[in-house]
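Visitor: I have just opened this entry and would like to be taken through it. Where shall we begin?

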Amino acid sequence: MSWTDEKVAKLKELWGKGNTASQIAEIIGGISRNAVIGKAHRLNLSAKIKTRSATSNENFENSIDNKNVKLKRGRRSKFKSLIIEKDFEPENPKTLEELDENSCKWPIGHPNEKDFYFCGRTSLKDFSYCKLHLLYAYQPKGKKDDVTNKDEVPEFIEKKIKSA
């Protein structure tokens with residue numbers, strides 16, 4: 001298969017209108033989708049095909065931005081309320097067999113040790129851990145390197161409480 005000047009002109013026209021490579025291949029005929037993509041690449045045609053009009057694209061981007069803002073606020077406010085509370089219920093040590101869907105599944109110790117157990121406090125809705133262990137498990141992006149050893153953990157929690 002060879003690209004004639006007519007086929008190249010048709011490709012440029014259809015590409016500019018926002019047709020997909022499959023649609024262009026079907027319209028031109030006798031060529032594959034991959035051939036269309038390859039030729040468009042060699043012709044340095046824009047890689048970004050506009051399939052929405054400017055107004056609908058604007059609305060689409062605005063709706064995504066609004067959704068992201070709502071998600072960020074929701075997650076942040078959930079964890080802020082956790083950080084503000086300082087009174088955690090006492091541990092309720094449980095074995096693996098004793099765990100249920102409302103138990104905190106944070107492991108304490110090493111599974112090979114005979115003292116090994118799970119936290120057992122009441123877990124929060126939609127999470128596997130209690131309030132305290134959520135602070136360990138779900139850290140803000142970029143803050144995971146703050147905790148380096150077990151001695152620093154209380155300091156880490158204090159930092160979280162102060163930042164709230």
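**Surface and overall make-up**

Guide: The chain exposes about 12,400 Å², of which carbon and sulfur atoms supply 49%; accessible areas come from the Shrake-Rupley method with a 1.4 Å probe, and for residues only the protein chains shown count as cover. This is a predicted model, in which local features need pLDDT of at least 70 and side-chain atom pairs count only at pLDDT 80 or more, while totals for chains, interfaces and linings use all residues. Residues are numbered from 1 along each chain as its sequence is written, and side-chain values use heavy atoms, with hydrogens and water left out.

Visitor: What does the secondary structure of the chain come to?

Guide: There are six helices and two strands, in the order α-α-α-α-β-β-α-α from the N terminus on. Helices (H or I, at least four residues) and strands (E, at least two) are DSSP runs, numbered from the N terminus.

Visitor: How many of the residues count as buried?

Guide: The figure is 23% of the 164 residues of the chain. Buried means under 20% relative accessible area, exposed over 50%, and partly exposed in between, with a 1.4 Å probe and protein chains only.

Visitor: And what share of the contacts is between residues 24 or more positions apart?

Guide: Such pairs account for 45% of the contacts in the chain with a separation of 6 or more, where contact means heavy atoms within 4.5 Å.

Visitor: Let us turn to α1. Which of its residues are buried?

Guide: Val8, Leu11, Leu14 and Trp15 are the buried residues of α1. Seen down the axis of α1, they fall within an arc of 135°, so they line one face of the helix; the arc is that of the directions from the helix axis to the C-beta atoms. On the other side of α1, the exposed residues are Asp5, Glu6, Gly16 and Lys17.

Visitor: Why would residues a few places apart point the same way?

Guide: An α-helix has 3.6 residues a turn, so residues three or four places apart point the same way.

Visitor: What do the buried residues of α1 pack against?

Guide: They pack against α2 (21-28) and α3 (33-42). Towards α2, the residues Lys7, Lys10, Leu11, Leu14 and Trp15 of α1 meet Ile24, Ile27 and Ile28.

Visitor: At what angle do the axes of α1 and α2 cross?

Guide: They cross at roughly 145° and come within 10 Å. Axes are lines fitted to C-alpha atoms, for helices over the stretch in contact, and angles run from 0 to 180 degrees between N-to-C directions.

Visitor: Is asparagine 44 buried or exposed?

Guide: Asparagine 44 is exposed, with a relative accessible area of 67%. It sits in the loop between α3 and α4, and its phi is near 55°, a positive value in a residue other than glycine.
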